[in-house]
Amino acid sequence: MMIEEAMNMSVAESRRVYALASACFSHAPWTAEQFYTENQLKHSHTLLVKKDADMVGFLVYQELAGQAEILLIGVLPAYRKQKIATVLLEKMFEQSEATEYFLEVRASNQAAYRLYQAHGFEHYHTRRSYYQQPVEDAYLLKKKVGTNQ
């Protein structure tokens, strides 16, 4: 298993990441163009996990002014429960200089919620009816590192 940061993704590469995201989620959260545009931003990072030649997981986050926000994280269903999401989070923590991390997660996604809790994230707010298809609450989570919290 290899983790790499996708820098200056081409349009073709962004389509591959979009295809990966589409296979990870019941509804693709972004278009291929959104993956491409996000990747071009200086403060945005896309981490990819490859097993052999296949992409099996990804994490997209933004880092700015000491804070990082996880925008998307996904692992192919066939590769779940193999600690790939943990490896992605640990890589982000390792390369990031942020002291605060934020994310949102669907209230029904208890597996992801437990993963984030295991990595020190705490629930600090609920956005009612935030997600669509289906309509669902979002839990907002945060983690502070390197401070006295």
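The legends below describe close-up views of a predicted model.

**View 1. Buried residues of helix 2 and their packing partners.**
Helix 2 spans residues 32-40, and its buried residues are A32, F35, E38 and N39. Looking down the helix axis, these buried residues fall within an arc of 130°, so they line one face of helix 2.

**View 2. The salt bridge between E4 and K50.**
The closest N and O atoms of E4 and K50 are 3.2 Å apart. This pair links distant parts of the chain, with E4 in strand 1 (residues 2-5) and K50 in strand 2, 46 residues apart. E4 is partly exposed, with a relative accessible area of 27%. K50 has a relative accessibility of 16% and therefore counts as buried, the cut-off being under 20%.

**View 3. The salt bridge between K91 and E94 in helix 3.**
The closest N and O atoms of K91 and E94 are 3.5 Å apart. Because the two lie three residues apart in helix 3 (residues 84-95), about one helical turn separates them. In an α-helix, residues three or four places apart point the same way, because there are 3.6 residues a turn. K91 is partly exposed at 26% relative accessibility, whereas E94 is exposed at 61%.

**View 4. The salt bridge between R128 and D137.**
The side chains of R128 and D137 meet with an N to O distance of 2.7 Å. R128 has a relative accessibility of 62% and counts as exposed. The model has six salt bridges in total, including this one.

Notes: Residues numbered from 1 in each chain as written. Predicted model: local features only at pLDDT ≥ 70, side-chain atom pairs only at ≥ 80, totals over all residues. Heavy atoms only, no water. Buried < 20%, exposed > 50% of the residue type's maximum accessible area, 1.4 Å probe, protein only. Helix = DSSP H or I, 4+ residues; strand = E, 2+ residues; numbered from the N terminus. Arc of directions from axis to C-beta. Contact = heavy atoms within 4.5 Å. Salt bridge = Lys/Arg side-chain N within 4 Å of Asp/Glu carboxyl O.
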